[in-house]
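Please look over the sequence and the model below before reading on. The paragraphs that follow go from the whole chain to its parts.

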Amino acid sequence: MSAASSDAAREDRFPLVLGLDTFGDVTYDEDGRPLSHAQTIRDVVEEGVLADQVGVDYFGIGEHHTDDIPMSAADVVLGAIAARTTRIRVGSAVTVLSSDDPVRVFQRYSTLNAVSGGRAEVILGRGSSIDSFPLFGYDLADYEDLFEDKTGLFAELLKGGPVTWQGKTRPALHDQDVVPHTESGPFPAWIGVGGSPQSVVRAAHYGFSLMLAIIGGSPARFAPFSQLFQQALERFGRAPLPVGVHSPGHVAATDEKAREEFWPHYLEVIRRVSKTRGFAAPTKESFTYETGPQGALYVGSPETVAKKIAANLTSLGANRFDLKYGMGGLSHEVLMTNIELYGTQVIPRVRELLT
Amino acid sequence: MTRLAVLGAGHVGPVIARVAIDAGFPVSIAASGDPEEITLITQFLAPGAEPRWAAEAVEDADVVVLAIPLHKFATFDPALVAGKVVVDTMNYWPPIDGVQEMFEDPLYGSSEIVAHRLSRSTIVKTFNHIGYHELDDERRPAGSPERRALGVAGDDPAAVTTVADVIERIGYDAVPLEGLGAGRLLEPGGPVFGVSLSRPEFEHAVARSPLREKA
């Protein structure tokens, strides 16, 4: 498998998809005070509606369960967005399948698919969220086994029709009809991968598309993952499937403005996480590296961000990019500007660069 | 040339295998089962490494790199690596991976607990405090002002020297620490965990850490 043939897969078989993801961090008012969970959720609905209006292809919400990221029921928020839009695809980014019931996940997203007229997708993974494990009574040490087992069941459910399944992590199903049925076959399902090659092979095994979550370091190092995925699909006798990239970033009118808006909140959020998890806080140097051409952050003017997206989609043999916008502490207004610039300037520019 | 056996084909194992191959070391790689299951992973992520059964990989190796998730360690067979130099790349990191009783002993670092269980092996702790996503990118030739330091902690000086040589050839400055107990300085929450530091910066950070007293 050469890089050239994965480029061919991108260009010939799959359309270019340019989406937005959010974790739904609590937004702040003009005086820098956090807004309520309820207002944050209503803001996310408005953000999804705007994304539709400005031509974004996909709007994803990542499940989280914390005071600063209160997006525990992403599918409900997506349903509200679906009701007010007609074009944009809606889905998760990610759904923490290990601490959920695959039957319920299927039911919720199949319902979203019905509400949205066939625009639902689901991305399964762990994400960086670990709070759902104690909340729902799961042991983090069982993560791999839970994910493996539940992914297998989810793949069965997606096929449609009565399900017979036996596993280790939930009661068996015997010829069980699970509703609502989808109208026209399975909705798109992806597995989010952060660095585990076994997850790549697992996605290929079950026929899920591959979403590479690249949140630090060089995006280019993921190229072998993309090649491994296509080769594994071939090994399992499956047709090629799309590869996507999810990375954080922030778009503003100029590079300077984007960095100035994003940096203090990025520093604050990562510093808070680093304290509880015991790793180093970012420095101005590491931020400069990550926002440069070799790094994983897409922070800058529409032109800067578009060029970086185009370059990395090419080097990774990927046909989809989802920008994870937003960061705790940014205001709803700043996020709306980011979305508008992404839809009206970044997306057309990426399309131009890739044709 | 030191022969390496990397045990683990997850996030960490293939990256270490790849950079070691690049440095000219013969490397075999093994997961918990049939090498056939990791041939594709090896082909794309660590080309040049030889997928083998764990026991066969270990038998021929001078240094075994243990790169399995720590929660799998409780069921890891100590006999598999008896008599070998074992590099412990693992971390006990409860906020990320959950609590494990075996490692909930404030008197000992995680590698000391590993060493206690692998009592017939010689344990050296390193690689644990650099992100697997950085290990490839941050390599620099010897003498480069940007070259990053990696701590190497162990009780057996010969084993520490062997492993330090591997680190140096891969592209990092090896900083030996005073015994495996000092490996606590390399753990999550410690002064060098996840930080890119040059040798002088690393030595300074370690020397002024309050953890040093305990270690």
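The radius of gyration is taken here over C-alpha atoms, and the rule for a globule is 2.2 Å times the number of residues to the power 0.38. For 355 residues a compact globule would have a radius of gyration near 20 Å, and chain A agrees with this because its value is 19 Å. This is a predicted model, in which local features need pLDDT of at least 70 and side-chain atom pairs count only at pLDDT 80 or more, while totals for chains, interfaces and linings use all residues. Residues are numbered from 1 along each chain as its sequence is written, and chains are lettered from A and ligands numbered from 1 in the order in which they are written.

Taken along the principal axes, the C-alpha atoms of chain A fill a box of roughly 60 × 50 × 45 Å. Chain A has twelve helices and twelve strands, these being DSSP runs numbered from the N terminus (H or I with at least four residues for helices, E with at least two for strands). Of its 355 residues, 50% are buried, where buried stands for 20 or more other C-beta atoms within 10 Å of a residue's own, exposed for 12 or fewer and partly exposed for what lies in between, with C-beta atoms placed from the backbone. Two residues are in contact if their C-beta atoms, placed from the backbone, lie within 7 Å; among the contacts in chain A with a separation of 6 or more, 74% come from residues 24 or more positions apart.

One pair of helices in chain A can be followed in detail. The axes of H4(A) (residues 102-115) and H6(A) (residues 143-158) come within 9 Å and cross at roughly 40 degrees, the axes being lines fitted to C-alpha atoms, for helices over the stretch in contact, with angles from 0 to 180 degrees between N-to-C directions. The angle makes H4(A) oblique to H6(A), since angles under 35 degrees count as roughly parallel, over 145 as roughly antiparallel, 65 to 115 as roughly perpendicular and the rest as oblique. On the side of H4(A) the contact is made by Pro102(A), Val103(A), Val105(A) and Phe106(A), and on the side of H6(A) by Lys150(A), Leu153(A), Phe154(A) and Leu157(A).

Lys159(A) is placed in the loop between H6 and strand E6 (163-165) of chain A. Lys159(A) counts as exposed because it has 10 C-beta neighbours inside 10 Å.

Some backbone details deserve a separate look. Most residues other than glycine have a negative phi, and most peptide bonds are trans. The bond joining Ala93(A) and Val94(A) is a cis peptide bond with omega about 15 degrees, and Val94(A) lies in the loop between strands E3 (89-92) and E4 (95-96) of chain A. A cis peptide bond also runs from Val179(A) to Pro180(A), with omega near 0 degrees. Asp175(A), a residue other than glycine, has a positive phi near 50 degrees; Asp175(A) is found in strand E7 of chain A and is exposed, with 8 other C-beta atoms within 10 Å.

Finally, how many residues of chain A are in contact with chain B? There are 24 residues of chain A in contact with 24 residues of chain B. Helices H7 (197-206), H8 (223-235) and H9 (255-277) of chain A each supply at least two residues of the side that touches chain B, and H8(A) gives the most, with six residues.
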